[in-house]
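Student: I'm new to this one and would like a close look at a single part. Could you walk me through it slowly?
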Amino acid sequence: NQSGAKSGAPKSLLPADAHLDALQSRLQQRFGTKVRLRYHQGKGAVEILFYSDDDLERFLKLAGVETE
């Protein structure tokens with residue numbers, strides 16, 4: 001029922017949530033580790049998790065950050 005699908009706020013949130021989920025998934029694929037993407041009204045955070053020193057080093061190289 002299309003009229004039922006248009007009522008209520010959850011439908012308006014689904015496209016944004018789906019878009020954020022897709023971006024989060026793409027970041028996880030790019031960096032090869034878990035990524036959390038939080039977004040609310042133009043602000044947010046990207047959290048990139050690492051599980052070892054080697055994992056952090058690999059991520060930093062992917063990001064173009066040199067370590068000494």
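Student: Leaving aside neighbours within four places in sequence, which residues is Thr 33 in contact with?

Tutor: Contact here means heavy atoms within 4.5 Å. Leaving aside those neighbours within four places in sequence, Thr 33 touches Gln 28, Ile 48, Leu 49, Phe 50, Tyr 51, Asp 55 and Arg 58.

Before we go on, a word on what you're looking at: this is a predicted model, where local features need pLDDT of at least 70, side-chain atom pairs count only at pLDDT 80 or more, and totals for chains, interfaces and linings use all residues. Residues are numbered from 1 along each chain as its sequence is written, and side-chain values use heavy atoms, with hydrogens and water left out. pLDDT is the predictor's confidence in each residue, from 0 to 100. The protein averages 81, and 78% of the residues score at least 70.

Back to Thr 33. You'll find Thr 33 in the loop between helix 2 (10-31) and strand 1 (35-40); helices (H or I, at least four residues) and strands (E, at least two) are DSSP runs, numbered from the N terminus. Thr 33 counts as buried because its relative accessibility is 11%. The cut-offs are under 20% relative accessible area for buried, over 50% for exposed, and partly exposed in between, with a 1.4 Å probe and protein chains only.

Now follow two of those contacts, Asp 55 and Arg 58. They form a salt bridge with each other, the closest N and O atoms being 2.7 Å apart. That term needs a side-chain nitrogen of Lys or Arg within 4 Å of a carboxyl oxygen of Asp or Glu. Both residues lie in helix 3 (residues 53-62), three residues apart, about one turn of the helix. Asp 55 is buried at 14% relative accessibility, while Arg 58 is partly exposed at 32%.

Another contact, Ile 48, takes you into strand 2, where Ile 48 is the bridge partner of Val 35. Strand 2 (residues 43-48) has the highest mean pLDDT among the elements, 93. Six bridges join strand 1 to strand 2, and the two run antiparallel; strands pair if DSSP finds at least two bridges between them. They make a hairpin with two residues between them, and Gln 41 in the turn has a positive phi of about 50°. Further along, Leu 37 stands opposite Val 46.
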